[in-house]
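The exercises below concern one protein chain. Please work through each task with the sequence and the structure at hand before reading its solution.

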Amino acid sequence: MQYLWTALQLIGIGILIYFVSGRLIGTKLNFIKKVLSATLSVAFTTFVYWYSYLRYTNFPKEDMIHEVTNISTLVWVGSMLLITMLFYLILELFDPIKLGERGERLTGNRNIITRVRGTWKRQRRLTQVFRIAFKQGVGRTLKYKRSYENDRYLASTLRNTLEECGGIFIKFGQVLSTRKDTLPPAFIEELSKLQQNVKPMTADQLHDQLSIGLQKPLEEVFKYFDEKPLAAGSIGQVHKALLKETGEEVIVKLLRPDVASVINQDLDILLHFSEWLVEESSWAENLGLHQLATGFANNLREEINFEIEARNMEQLTNALHKDKKSIKIPKVYKQYSNRMILVIEFIHGVSIRDSALLLKQHSIKEADLLRSIYETFLQELLVTGVFHADPHPGNIFVQERTGQACFLDFGAVGRIGPIQQQGLRTLFIGIERNNPRIVLEGLKHLIQDGEIHEEENLLQALSQLLIQLSYLDKISAQELVQCLFVIIQKFELRLYPMVGVALRALITLEGSLNVLDTNYNLFTEAKRFTSKNKKDFLPVSSFRDAKELLEQELVMLLPTLQDLPRRFESMAEAIEKGKVTVKLDVFSERASNSFVNQWLSLFMLLFVGITIGIISVSLLAISQFINSVSAIYLNTASFLGLFLSAVILVRLSIHAIRSSKKA
């Protein structure tokens, strides 16, 4: 009975500690962590209190309540409170979950058991990746620096590591093999060897995914559904079907089961691994491996959401609807599409690489087809700002009935702004005119932090590049862009990421068009397109346009011009009376003002906490040399001061940790 009473007392003290510690820390605490911290603290401090004090004292067991009033017991309870806060600080420090703007935990609907299981799986996978990396020789490469001789070995080691890790790591390597703007030839060649064999979903998995995606029985949507996939990838697979309502043939793209959680977990591992590799090795840092992994992760997270692909197709369809000569964009059936399923129009046709016979049947010249494809791409890139980022031959079809070209697969779509569009147009014109100064002006709009330190040397390098390409019947986009990338790297310039995507798409498109005509000249056609669409590129293209623009600007300026005399009169009067003042308000914005006030308050609280701690330690040291009763008061004040200082510092620490986690 006595032990039960003691246990109830400890539970009561634990509940008190639970509430008081929460008030002292002053943040929006997680319930599980508060309970765990209080429980650990009660168990730990009770054991220490018993081991260091209670077992050496003799008092009646029934006098436990009287014992609580002793000074030593008060120290025990105070220690329990402080250690509870410290346990919470430790749990907060090692909690990887991010917080929202208001401090809410971004955990979705996962409970603690699910999160613990997920953390364990993540750590096991991370350990496996590092074990594979060191087995493949990554440990030996950490001391290497990039050179022509070492590039081949480094590339081979990286390829073997990615290949054995499998899954997302192989897909990452395949994407890297297209980054000729960033990676040297040895890496491109090695990473191009990566192949990924993906097995199709089983029949049960397929039907389960269709039921979840359609949210209704399969028979209610499709009159016919071919369970044999037309194509299968690591993210999803593609099937042919027939709509029950309209009888139209459609393509159904379906995500694999749990692909989002699996990919997000592997992407987290990939980012962690790439960050470690960049920190430990100069060659990975020089390649910008972590930045490449981050860009890959962002793009892949979009690919596992089919709503984004549907929106991309809608944007391109609306942007090109006025151009009757543009190539076709398949129709999206929104009523059946969502994040995990995409239903689009089935295109009867063949890839551009197999279209020669079909074009003859429709009496369509290859040059006309290629021009329509290229002009549509330039319209997307230079006018609308939304373009297909992966126009390889498999994504360009020619329709059987009309001979019209059609773009497929809009998982990779780029978006580029007016400034970069102007830069690309200027770049094309400069290359076509063989003028390095025009090329340089275009380049200035395409690089981040547009300051060029060695402009004359860069101009000379561009001149040499154009000389290499002069007097040729055709300028190869691949050769030109790769040489341009080398110059950009040499002068330590950085293209905007989407500009790099656009130039890589241009190289891909050139390869697709050369399937039909190996002499197709992109830059000559770009000049023709620019000349034909100069009204879209220039605000003024004729004297009439200049006159209309001038009239519009004057009309807009009239209210300001009418008000100028009154403003000058008011200004002169203020100067005459000496009432002119200059006001500089650096923190006029509410966000800036709030930020400064918040951190200034925290700094002042930190200063107070440290000051109280220093004073308390000083008083405690002084009391050791006093033999009178006043020493008791000094000791009491010192311990209270240290306790208060610890509370303030723990509270500030938790606040700082939570601020760093906010998304």
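**Exercise 1. Identify the residues that make the nonpolar surface patch of about 810 Å², and the helix that supplies the largest share.**

Step 1. The patch is formed by L600, F603, M604, L606, F607, V608, I610, I614 and L649. Patches consist of residues with over 30% relative accessible area and no salt bridge, where like charges are joined within 9 Å and nonpolar side chains (Val, Leu, Ile, Met, Phe, Trp, Tyr) within 5 Å. Areas are calculated by the Shrake-Rupley method with a 1.4 Å probe, and for residues only the protein chains shown count as cover.

Step 2. Helix α26 (residues 590-623) contributes the largest share of this patch, eight residues. Helices (H or I, at least four residues) and strands (E, at least two) are DSSP runs numbered from the N terminus.

Step 3. F603 lies in helix α26, and F603 counts as exposed because its relative accessibility is 51%. The classes are buried (under 20% relative accessible area), exposed (over 50%) and partly exposed (in between), with a 1.4 Å probe and protein chains only.

The model is predicted: local features need pLDDT of at least 70, side-chain atom pairs count only at pLDDT 80 or more, and totals for chains, interfaces and linings use all residues. Residues are numbered from 1 along each chain as its sequence is written, and side-chain values use heavy atoms, with hydrogens and water left out.

**Exercise 2. Determine what span helix α12 (residues 259-280) should have, and list its buried residues.**

Step 1. The expected span is 1.5 Å times one less than the number of residues in the helix.

Step 2. The buried residues of α12 are V259, I263, D266, L267, I269, L270, L271, F273, S274, W276, L277 and V278. An α-helix has 3.6 residues a turn, so residues three or four places apart point the same way.

**Exercise 3. State how many salt bridges the rule gives, and characterise the one between E164 and K135.**

Step 1. The count comes to 15 salt bridges.

Step 2. In the bridge between E164 and K135, the closest N and O atoms are 2.5 Å apart. This pair links distant parts of the chain: E164 belongs to helix α7 (residues 148-165) and K135 to helix α5 (residues 112-135), 29 residues apart.

Step 3. E164 counts as partly exposed because its relative accessibility is 34%, whereas K135 is exposed because its relative accessible area is 56%.

**Exercise 4. Summarise the chain as a whole: how many helices and strands are there, and what percentage of its residues is buried?**

Step 1. The chain has 27 helices and ten strands.

Step 2. Of its 663 residues, 41% are buried.

Step 3. The accessible surface of the chain is about 38400 Å², and 58% of this belongs to carbon and sulfur atoms.

Step 4. Among contacts between residues at least 6 apart in sequence, 68% join residues at least 24 apart.

Technical notes
Salt bridge = Lys/Arg side-chain N within 4 Å of Asp/Glu carboxyl O. Contact = heavy atoms within 4.5 Å.
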